[in-house]
Amino acid sequence: MSALAGTAPLLRLWLRRDRVMIPLWVLALTATAAGTASSFATLYGTPAELHVFAAGVKGNAATVALYGPVGAETVGGLVAWRNGVIGAVLVAVMSVLLVIRHTRAEEEEGRLELVGATAVGRRAPLTSGVLTSLTAGAVLSLTTFLGLTGTGMAVAGSAAFALAWFASGLVFTGVAAVTAQLSESTRTARGIAFAVLGGVYLLRAAGDTADAAWLSWLSPLGWASLLRPFADERWWVAGLSLVLAAALLAAAFALADRRDVGAGIFPPRLGPAAGSLSGSAALAWRLQRGSFFGWLAAFTVYGGVIGGIAPSVADLVGESTATQEIFATLGGEGAFTDAFLAVTFGMLALIATVFTVQSVLRMRGEESGGRLEPLLATGLNRIRWAAGHTVIALAGTLVLLTVGGLACGVVYGLASDDLGQIGRLAAAGAVQAPPAWVVGGAALLLFGALPRQAYAAWGLFGACILLTLVAPILDLPAWVLDLSPFAHAPALPGGEIEPLPVTVLLVLAAALAAAGLTTWRRRDLTP
């Protein structure tokens, strides 16, 4: 039997399982790129306006570190600046999630062992997982190209932009394929891949802002800018991604041939010979604290970067008549900065929701992995066990948002000599938690009532992203936008807290969580 026997049926199966997840990623990213092109074309219609805006970006190291350098002072150049690197990061995240979901996660759940008992070759699971990711990346690149050219962007630049995103997905498909071989834990494999992603992002940021441009050439994310979409494109840069991805995939297949199904290259770390836990909540914290501290570090850095950008965000307005009108409508420089921070904190809430859903679904992983049954056999109360994970998910979300706002306030306060911003922005971050709690409550209800469909919580989260980021671009009716809980979060700083929407969000989150815990207590364990 060929080592690749059964690849095609597995690929069809994986694509069928991702029939919701992949289209959501593709639609969200495509709409973001096309919407940005449309917005920049409207706001900066003349070369002078584009020049002033681009000069403001180039003069702000924090902006360059976050988004990358501006390649050309054109609408296309600004689209590539605004979405090139950030989009490449998101494509990388999508690729990592897809590959590990269909390789290491399937092994951890024991399903690949059953598949391997059929007429399926040894390399078929990894090959089909890689092809699933590449298919998603190819479809995304095609729709992005069509979306950009549909808004009037240059064909060559649009193709280079789409190619840069595909190249990022290609490289991190290889990274995830390797990390899936290293550990027998899905969390560890995913954590290593995201650590690599964070490392190359920092490498690119250092290369773009410090006097060491060569650092950007060492980062696959730096290649997204160095390919220079809409600015005398360097097509050969994409070849670097191809070579690196080929090397990573070759390494992944070599490693896969040298390990058993279910095992990793790295042996599992043994725990201490003696130890104690004070209860189920302490066990939940022990299991989730590594992930939490990683998120905390990311939110601290992100908040600090946003705080560094905030003092000069008004300078980016430049001479654009349209943006100056928006500027005046908002109430001047201070109000404009507040509006920028309010939008940023809204994005922060969306990111924090990933942690919320991930923490809640950790319970499903413990159940399906067979680790929960021995615990419950000791007489552990089900509600107490679930409550420990739930508290970490909900309280952890609040802490992340508060710390993100705090870091933003500290940097912004020091830069503007106004330390009163610290408490103000920490509070602005904290009040973004209720919508994330609603999504977390829905995930808990799915875990309790429909355990095998619990991962549909990611689909719900994807729908919230579409309603928040894409629906306004499509000019959908207000009632459609209001379906997202994030549409009802207080727009702080600068806005006011309306008690009724916040109360409704809190009650809804509590009701969903209570329903989830109730249904969980009454159902059987489900493998």
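**Exercise 1. Work out whether the chain's radius of gyration agrees with that of a compact globule.**

Start with the expectation: for 527 residues, a compact globule would have a radius of gyration near 24 Å. That rule is 2.2 Å times the number of residues to the power 0.38, with the radius taken over C-alpha atoms. The chain comes out at 23 Å, which agrees.

Before going on, a word on what you're looking at. This is a predicted model, where local features need pLDDT of at least 70 and side-chain atom pairs count only at pLDDT 80 or more, while totals for chains, interfaces and linings use all residues. Residues are numbered from 1 along each chain as its sequence is written, and side-chain values use heavy atoms, leaving out hydrogens and water.

Next, the extents: along its principal axes, the C-alpha trace spans about 70 × 55 × 45 Å. Buried residues make up 50% of the 527, where buried means under 20% relative accessible area, exposed over 50% and partly exposed in between (1.4 Å probe, protein chains only).

**Exercise 2. Describe how helices α1 and α8 cross and which residues meet.**

First, the inventory: the chain has 23 helices and 0 strands, taken as DSSP runs (helices H or I, at least four residues; strands E, at least two) numbered from the N terminus.

Now the geometry. The axes of α1 (residues 7-17) and α8 (residues 124-150) come within 9 Å and cross at roughly 45 degrees. That makes the pair oblique, since angles under 35 degrees count as roughly parallel, over 145 as roughly antiparallel, 65 to 115 as roughly perpendicular and the rest as oblique. The crossing is right-handed, meaning the near helix is turned clockwise from the far one by less than a right angle.

Then the contact (heavy atoms within 4.5 Å). From α1, the residues include Leu10, Leu11 and Trp14, and their partners in α8 include Pro125, Leu131 and Thr135. By class, the contact has 7 nonpolar, 6 polar and no charged residues.

Technical notes. Axes fitted to C-alpha atoms, helices over the stretch in contact; angles between N-to-C directions. Nonpolar A, V, L, I, M, F, W, Y, C, P; charged D, E, K, R; others polar.
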